[in-house]
Amino acid sequence: PSSFFTRLMDQAEPFQRQTARDIVLKELGKPLEDVFEKFPDEPVAAASIGQVYRAKLIGGAEVAVKVQRPGAKDLVEKDLALLRWIAGSPPAKKYGRENLGCDLQVIVDEFGETLLEELDYEQEANNMRDFGNNFKGDPNVAVPFVYPEYTTERLLVMSWLDGVRCTDLDAMRGFRINIDEFIQRGVASGLRQLLEFGLFHGDPHPGNVFAMPDGRIGYVDFGNVVEISQTNKEALLDAVIHAMNEDYEEMARDFVRLGFIAEGTDIRPLVPALQSTWRESVGSGIADFSFRDVTNKFSALVYLFPIRIPARFALVIRTLLTQEGICLTLNPQFRFLEAAYPYTAKRLLSDPLYSSRLCQILIKGGVFDWERLHTLVLLSMQGARKSGFWVWASTMLDGVKVVFNDPRTVRDIALAMLRSLRLAFRGMASAWWAFLRGQRPGVEPLGVPTTHGATPGYSLA
């Protein structure tokens, strides 16, 4: 079944050769022979919206020519109109209001806006240029460049990327590509899109992501992209930190900030559900985090609470799941945090947006979280084996600079460490006192916690 769905990605029934040539002629406004030295009869790939030809421009440059399927826009507009009419019916409105806290027509409109953008090849060309600019100078990523003089709303001409599917292990080994390094490049490029650029490839299935002969990761098909605002990037980062710190009330508020729950909704019933769901999701430890496991468990909450996933975040979730699936295909032992650590650590320790949250990660309840530090150190050592010692050492140096260049960070971490050491000493003293008095050292009379967390309600002030 998986191979069948893979073929569906780029092997739909192609439309006729003459129809394609007529569309190209109309869009160019001149004979094909005036532009192309070679234009093949058969496409290399065909999908529901268009098909792609491998052609050669006069002058010898190899290009990919994307031709839109005739009548595609009219058909999509009719389907969207029908969906919107159904979503506006009284039963649909009632369902949306009671179960999702919104009008179903809003969801159809968000979906329709994204779909119609895919039908505008000039917009796709703009997206491709933006991606190319974002990754300019990155030796690990390849993005085609556009020929604007030959591009219209229904015709897109771009440079040809001569790679193979990113899941074709035999071909990748033939290129002598190190699979683990390739995975790390893919994870890093995905995280850069989400956390650094705020412009995210919305459809990175194996037909749109290539392994290049030199080991770079190549992206094509930029009709479906996601834009994440700076505010949403910060909200996502805060949500991750709140999840790591098991601050479930703030996690529930993050749902509101991100638009998953309507303003004014009573979030109190959601808090215990988030707690049980998150603990089930990371029961074996945060280092074994899996997007698929977390998504599967959190999806149940959508049917129990008035949660609506905004279209842009639905695409982000789908994209992350797709990327994780590709990585697991390449390496069944893939662990996301291990692969993501080199990039995320670098951002955490060099970007002010993220480094300002370092204390939130390492300090919990006013006490230094040694267990969290232990996990990060383990991940860094595992990441060092993949990224190399010098990359790891450079990241650690960035960390030292961040800590010692910010007196406030130094003070907060030092105070948190002092509190944790005092609590540890208090715990040992209580256990020793209990032993001397003949008590069982199990439940300390002073209510002392473990060294990585604070006792609820206990203060050293």
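Let me start with a term: a residue is buried under 20% relative accessible area, exposed over 50% and partly exposed in between, with a 1.4 Å probe and protein chains only. This is a predicted model, where local features need pLDDT of at least 70, side-chain atom pairs count only at pLDDT 80 or more, and totals for chains, interfaces and linings use all residues. Residues are numbered from 1 along each chain as its sequence is written, and side-chain values use heavy atoms, with hydrogens and water left out.

By that definition Phe-131 and Phe-222 are both buried.

Now the aromatic pairs. Rings of Phe, Tyr and Trp (its six-membered ring) pair if their centres lie within 6.5 Å; planes under 30 degrees apart are stacked, over 60 edge-to-face, and the rest tilted. The count under this rule is nine aromatic pairs. One of them is Phe-39 with Tyr-53, tilted, at 5.0 Å centre to centre and 35° between the planes. Phe-39 sits in the loop between strand 1 (36-38) and strand 2 (45-46), and Tyr-53 in strand 3 (residues 50-57), so this pair ties together parts 14 residues apart in sequence. Helices (H or I, at least four residues) and strands (E, at least two) are DSSP runs, numbered from the N terminus. Phe-39 and Tyr-53 are both buried. With Phe-36 they form one aromatic cluster.

Back to Phe-131 and Phe-222: the ring centres are 4.8 Å apart and the planes at 50°, so this pair is tilted. Phe-131 is in helix 6 (residues 121-134) and Phe-222 in the loop between strand 10 (217-219) and strand 11 (225-227), so the pair links parts 91 residues apart in sequence.

Next, the strands. Two strands pair if DSSP finds at least two bridges between them. Strand 3 and strand 4 run antiparallel, joined by seven bridges, with Gly-50 opposite Gln-68 in strand 4. The two strands form a hairpin with four residues between them, and Gly-59 in the turn has a positive phi of about 115°. Strand 4 is also joined to strand 6 (residues 155-159), antiparallel, by five bridges; here Ala-64 stands opposite Met-158. How many of the seven residues of strand 4 (residues 62-68) are buried? Six are, so the strand is largely enclosed by the rest of the structure.

Last, one polar contact (a pair of N or O atoms within 3.5 Å; within protein, one must be able to donate a hydrogen and the other to accept it, and residues adjacent in sequence count only if both atoms are side-chain atoms). The side chains of Arg-308 and Glu-110 make one of 3.2 Å. Arg-308 lies in the loop between helix 12 (291-302) and helix 13 (311-330), and at 16% relative accessibility Arg-308 counts as buried.
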